[in-house]
Amino acid sequence: MSRKKIAVVTTGGTIAMKLDPATGGLVPAVSGDDLIAAVPALKEVATVEVHESSNVPSGHITPELMLKIGRDVDALAAREDIAGVVITHGTDTMEETAYLLNLTLHTEKPVTITGAMRGATDMGYDGPGNILAAVRTAASSQAAGKGVLLVLNDEIHAANEVTKTHTVSCSTFHSPMSGPIGHAYYDGVVINRQPLNLQKIYTDHLETNVELLKVTAGMSDFLFRACADKPVAGLVVEALGAGNVPPTVRDGIEYVRSKGIPVVLASRVGTGRVVPIYTYLGSAGDMAQWDLIDAGQINGAKARLKLMAALTKTQDIHELQRLFAERVD
């Protein structure tokens, strides 16, 4: 029986870096073909076709480049001979790329994204094992229709649930509220559940003039007024706790909304959603009067990308609220 063909789209990141003797640090150096050649076990799993999109650190990835990667993935997935697609990517912004592609990709074929926490010249280089697990997952019929799946350290995570939790650990990616949806094993993958909230916002461009501000104790309204006076097209606020802010920040948010600029309210806490259980000055309940948009359970970075996509469809605040709404029974 012939093996499935999996397209591997390489973009760079630590997985494609080697030690530079001149600087003493990791720099982009490994090609897409080099990556695949380093994983001889792939030939037992699938036929692999490499497409080198870029070779940059993940901090250089922009939302526009994420959308371009998505177009490349959809074009490859449209081919009858391609059963699934793997993206190799730096881990710093991997969850953001995974989330935006989860929103905007048209294909229902399996799409996985993976990378490495150690460079190709480091002891314990985790790149080959992660590529093998990602290809194995992309070749599995279980992965179809489950959105973009982030595969690292043999764990399979849903794009809208996963986040990076450690700066250097190989087990950095976790889905704090729900755990991984499955695992990759040496002989196949097991996926235990269907991710929820697989919403789509199809767009061929993004409104990139969207900023994110993280609220801290005693924060002033300076940055909020600066965003409003620029003006930005939208603002995401990572609030305290269940969606609360200091009185000075409340003044800043009121000023932003007075300019007609949409404001998404997220939480800086790692788990849970914004809940308007308080009504004191600066609470989520108090600020509901300004028609803020509830981010739901996604973090601020993902909410920013979602707002970039949503603003290409509408500027109506109530329609934006609908696009962000999660079902709560």
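Let me start with a term: two strands pair if DSSP finds at least two bridges between them. The strands themselves are DSSP runs of E with at least two residues, while helices are runs of H or I with at least four residues, and both are numbered from the N terminus. With that in hand, here is a bridge to look at: valine 210 has glycine 234 in β14 as its bridge partner.

Before we go further, a word on what you are looking at. This is a predicted model, where local features need pLDDT of at least 70 and side-chain atom pairs count only at pLDDT 80 or more, while totals for chains, interfaces and linings use all residues. Residues are numbered from 1 along each chain as its sequence is written, and side-chain values use heavy atoms, with hydrogens and water left out.

Now, back to that bridge and its sheet. Strand β14 belongs to an open sheet of four strands, ordered β13-β14-β15-β16, with parallel pairing. At the edges sit β13 (210–214) and β16 (293–294), each of which pairs on one side only. Between β13 and β14 (residues 234–239), which run parallel, there are five bridges. Leucine 213, for example, is placed opposite valine 237 in β14.

Which helices pack on this sheet? One is α5, which touches β13 and β14. Contact here means heavy atoms within 4.5 Å. The direction of α5 makes about 175° with that of β13. Angles like this run from 0 to 180 degrees between N-to-C directions, and axes are lines fitted to C-alpha atoms, for helices over the stretch in contact. Another is helix α8 (residues 300–310), touching β13, β14 and β15 (263–267), with its direction at about 160° to that of β14.

How buried is β14? Six of its six residues are buried. Buried means under 20% relative accessible area, exposed means over 50%, and partly exposed lies in between, using a 1.4 Å probe and protein chains only. On one side of β14 you find Gly234, Val236 and Glu238, and on the other Leu235, Val237 and Ala239, all buried.

Nine of its eleven residues are buried, so α8 is largely enclosed by the rest of the structure. The cover over those buried residues includes α2 (63–77), α3, β13, β14, β15 and α9 (317–324). At the start of α8, a side-chain oxygen of asparagine 299 comes to within 3.3 Å of the backbone nitrogen of alanine 301.

Let's move to helices meeting helices. The axes of α5 (residues 222–229) and α6 (residues 247–258) come within 8 Å and cross at roughly 5°. That makes α5 roughly parallel to α6. For the wording, angles under 35 degrees count as roughly parallel, over 145 as roughly antiparallel, 65 to 115 as roughly perpendicular and the rest as oblique. From α5, the residues Phe224, Arg225, Ala228 and Asp229 meet Val249, Gly252, Ile253, Tyr255 and Val256 in α6.

Now please turn to the other sheet. This one is open, has eight strands in the order β4-β1-β5-β6-β7-β8-β11-β12, and shows mixed pairing. Its edge strands are β4 (47–56) and β12 (188–191), each pairing on one side only. From one strand to the next, the twist averages 25°.

Within it, β7 and β8 pair in the antiparallel sense over four bridges. Valine 151 stands opposite isoleucine 156 in β8. These two strands form a hairpin with two residues between them, and asparagine 153 in the turn has a positive phi of about 60°. On its other pairing, β8 is joined to β11 by two bridges, and they run antiparallel. Here isoleucine 156 has glycine 182 in β11 as its bridge partner.

Helix α3 lies across β5 (82–88), β6 (111–114) and β7 (148–152), at about 155° to β7. Eleven of the eleven residues of α3 (residues 94–104) are buried, so this helix is largely enclosed by the rest of the structure.

One last stop: where is threonine 172? You will find threonine 172 in the loop between β9 (163–164) and β10 (173–174). Threonine 172 is buried, with a relative accessible area of 0%. Its side chain reaches the backbone oxygen of histidine 166 at 2.6 Å. Not counting residues up to four places away in sequence, threonine 172 touches Met117, Leu152, Thr163, Lys164, Thr165 and His166.

Terms used:
A polar contact is a pair of N or O atoms within 3.5 Å; within protein, one must be able to donate a hydrogen and the other to accept it, and residues adjacent in sequence count only if both atoms are side-chain atoms.
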